[in-house]
Amino acid sequence: MNIIVCVKQVPDTNEVKIDQKTGTLVREGVPTIMNPDDKHALIEAVKIKNKHKGELTVVSMGPPQAEEALREALALGADEAILLCDRAFAGSDTWATANALGSAIKAIGNYDLLLFGRQAIDGDTAQVGPQVAEFLNVPQITYAQKIEISDGKVKAERQMEEGYEVIEAKLPCLVTCISEINETEYPTLDGIKEAYRNKKVGVWNADDAKADKSKIGLLSSPTSVKKSFTPPAKGQGQILRGTTKDVVKRIVSILKEKELVGGF
Amino acid sequence: MVKVKVSVNCPETHLNLGGIVLIKGNNFEDVPDMPEIRQSIDSGYLEVLKEEKTEVKEKKKEGDEVLVFAEQRNGRIARVVFELLGKARELADKLNVKTAVILSVDKDNELSKELISYGADKVYIFENPLLKNYQTDLYAKVICEHIKKEKPQIVLYGATHIGRDLAPRIAQRINTGLTADCTGLDITEGNLLLQTRPAFGGNLMAQIICRKHRPQMSTVRPGVMKIKEKDANRKGEIVKVSAELSEKDMMVKILDIVKEAKKKVNLEEAEIIVSGGRGLGKKENFKLIEELAKLLNAEVGASRAAVDSGWIAKEHQVGQTGKTVSPKLYIAVGISGAIQHKAGMQNSDLIIAINKDPDAPIFEVADYGIADDLFKVVPEMISALTKG
């Protein structure tokens, strides 16, 4: 049972601040973390690996500092790590990212299970998982809240808005995981020592990943960002002043006027 | 300037109106708006002809359609589809093309008529027992083949669990761009689709375009676009299409669909929402919110802070990581208004905020703010609403 997990290093969006003067993101001083859904996927992969044996490889695409996320993955129990790091990958949209990751997974080869997080907190697209599945022509199960492996098959509970579906697919299969699948874990001290002393992060460029250069990077991406801006504040309304009783009276009459409360 | 003709009711064969001679049987364009002309129109001697332009506009160009994926579950169309149709109608009018939907289902059962009444000009319907429930591979196959054949210029999907599973699979197969979770769509220079979406947890809005690849595709957040009024008399074309499908096309198999029996919280469809936040202080105080909500026939919402504190279940959460809502009335009680909360509710028609802190950011989006103690204001509201 060989497993490949893809993880992304992301800025912690809870800490993101906006420069009120320029309306742009302040990235300095914002901590980066392993994307939460990806971490759940990794923890699940470690559990499956411990049960079914095999190699667990973790792959990330990003700048050199994304190595930190991979070291964390190694500390949590991954055997090998590969960082796709090349200017040719920069600026990829989800289609181009899927081409890059898909090519790398093909180059690694011999995989049974591919685990991804459902979505990353910086983009919230949830697209890369299914797009890699299509690239590799393997079945996909998204929004998994439970996974079981047996007899060369994966059986998963896929979360839906009003419940869940039970889905089965033959391996190899790509599954995207949501946070409900397991509890967050932290690396042990031994795990961290192991990750830095005995394990390696391989750095691959586009050629190592056997990626088609006409299908990766900013210029090959079908979509492009035309503009970004901070969400406009709705026009400031009015603060009602007076005694509590008066203010409530006014609010209730406004609601009646707008026919939002009826029958009174 | 108006366009007129001499009415059959006019006893004369020609009319001389302030120097302009109009002859029966002919149409006259660009007649100046003079008192004599208006008088003759009022007396029924002249008829105003409809602008030919509008007639041309009604004749939509064939092809290049704006296509909506008509997600259905258990033979019921998802609400987001009607939201998408309202938006698709707007986009199609700007492009002067037709709005189409693609419906995969086991049996039509009047669904296509319903789709037409909400704005579809054309319904492509694939009926097949295998298409009864959503299944990634079959749906992707049907839609990819349809897109290759009909070449729509835009395809919209609801950003539901199904839409977000399906659309990326399709985008990769047909090699085009896909923008996730859009909250705004418009047509910009070069007739391109301008797709606005939140990023970085709602801290930033990005406008995305797909310049060269076709179709341009988006998934759209449920609850953001407004549904256009239903028109049961609307006419549209129903195109039955067959698809060659077999069990072999299915890489994944759905073994079971489990509905969870918990009481459904339906924030997206609620007309009124009363939400509580950290200001409530403890779990027991949520009863105040529930009481006010009950009086207003409203759903109960909550901020992330209240959910994270364990005061209320996550399904009540409004915000970037919860539900996006746009009710007619949103009452925020004891909610400070973090960016991520505002991202989920600022499109509500009317927002009332109650918060002790007059500097709370929630007041930036509120139409009416009450900077007072919620434990005084809410009971007062409850008593005022009960007394009437």
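How many of the 9 residues of α4(A) are buried? I counted 8 of the 9, so α4(A) is largely enclosed by the rest of the structure. Buried here means under 20% relative accessible area, exposed means over 50%, and partly exposed lies in between (1.4 Å probe, protein chains only). Helices (H or I, at least four residues) and strands (E, at least two) are DSSP runs, numbered from the N terminus.

**Ground rules**

I am working on a predicted model, in which local features need pLDDT of at least 70, side-chain atom pairs count only at pLDDT 80 or more, and totals for chains, interfaces and linings use all residues. Residues are numbered from 1 along each chain as its sequence is written, chains are lettered from A and ligands numbered from 1 in the order in which they are written, and side-chain values use heavy atoms, with hydrogens and water left out.

**Entry: helix α4 of chain A**

I listed the buried residues of α4(A) as A:Val128, A:Gly129, A:Pro130, A:Gln131, A:Val132, A:Ala133, A:Glu134 and A:Leu136. They pack against α3 (94-108), β8 (113-117), β9 (140-150) and β12 (173-177) of chain A, and also against α6 of chain B. Just after the helix, I noted a positive phi of about 55 degrees at A:Asn137.

I then followed A:Glu134 across to chain B. A:Glu134 forms a salt bridge with B:Arg169, with the closest N and O atoms 2.8 Å apart; the term stands for a side-chain nitrogen of Lys or Arg within 4 Å of a carboxyl oxygen of Asp or Glu. A:Glu134 sits in helix α4 (residues 128-136) of chain A and B:Arg169 in helix α6 (residues 163-174) of chain B, so this pair joins two chains. Both A:Glu134 and B:Arg169 are buried. A:Glu134 also meets B:Arg173 in a salt bridge, at 2.9 Å from N to O.

**Entry: the interface of chains A and B**

I looked up the overall numbers next. The contact (heavy atoms within 4.5 Å) takes 77 residues from chain A and 79 residues from chain B. The two chains bury about 6,900 Å² between them, 57% of it on carbon and sulfur atoms. Buried area is the accessible area (1.4 Å probe) that two parts lose on being put together, summed over both. Of the area that chain B buries against chain A, B:His161, B:Gln172 and B:Phe200 supply 12%, more than any other three residues.

Across the interface, 33 residue pairs are in polar contact, both at pLDDT 80 or more. A polar contact is a pair of N or O atoms within 3.5 Å; within protein, one must be able to donate a hydrogen and the other to accept it, and residues adjacent in sequence count only if both atoms are side-chain atoms. Several elements of chain B each supply at least two residues of the side that touches chain A, among them α6, β12 (178-182) and α10 (374-387). The most comes from β18(B), with 8 residues.

**Entry: a second bridge between the chains**

I checked B:Arg73 and A:Glu161, whose side chains meet in a salt bridge (2.9 Å, N to O). B:Arg73 lies in strand β7 (residues 72-73) of chain B and A:Glu161 in the loop between β10 (153-160) and β11 (163-170) of chain A, so here too the pair joins two chains. B:Arg73 counts as buried at 19% relative accessibility, and A:Glu161 as partly exposed at 39%. A network of salt bridges links A:Glu161, A:Glu162, B:Glu71 and B:Arg73.

B:Asp121 lies in the loop between α4 (111-117) and β10 (122-127) and B:Arg89 in helix α3 (residues 79-95), so the pair ties together parts that are 32 residues apart in sequence. B:Asp121 is buried at 14%, and B:Arg89 is buried at 13%.

B:Arg234 is in the loop between β16 (216-220) and β17 (237-241) of chain B and is partly exposed, at 23%. Leaving aside neighbours within four places in sequence, the contacts of B:Arg234 include B:Arg89 and B:Asp121. A polar atom of the B:Arg234 side chain lies 2.8 Å from the backbone oxygen of B:Ala120.

**Entry: B:Ser348**

I placed B:Ser348 in the loop between α9 (339-345) and β22 of chain B. B:Ser348 is buried, at 3%, and its side chain reaches the backbone oxygen of B:Met345 at 2.7 Å.
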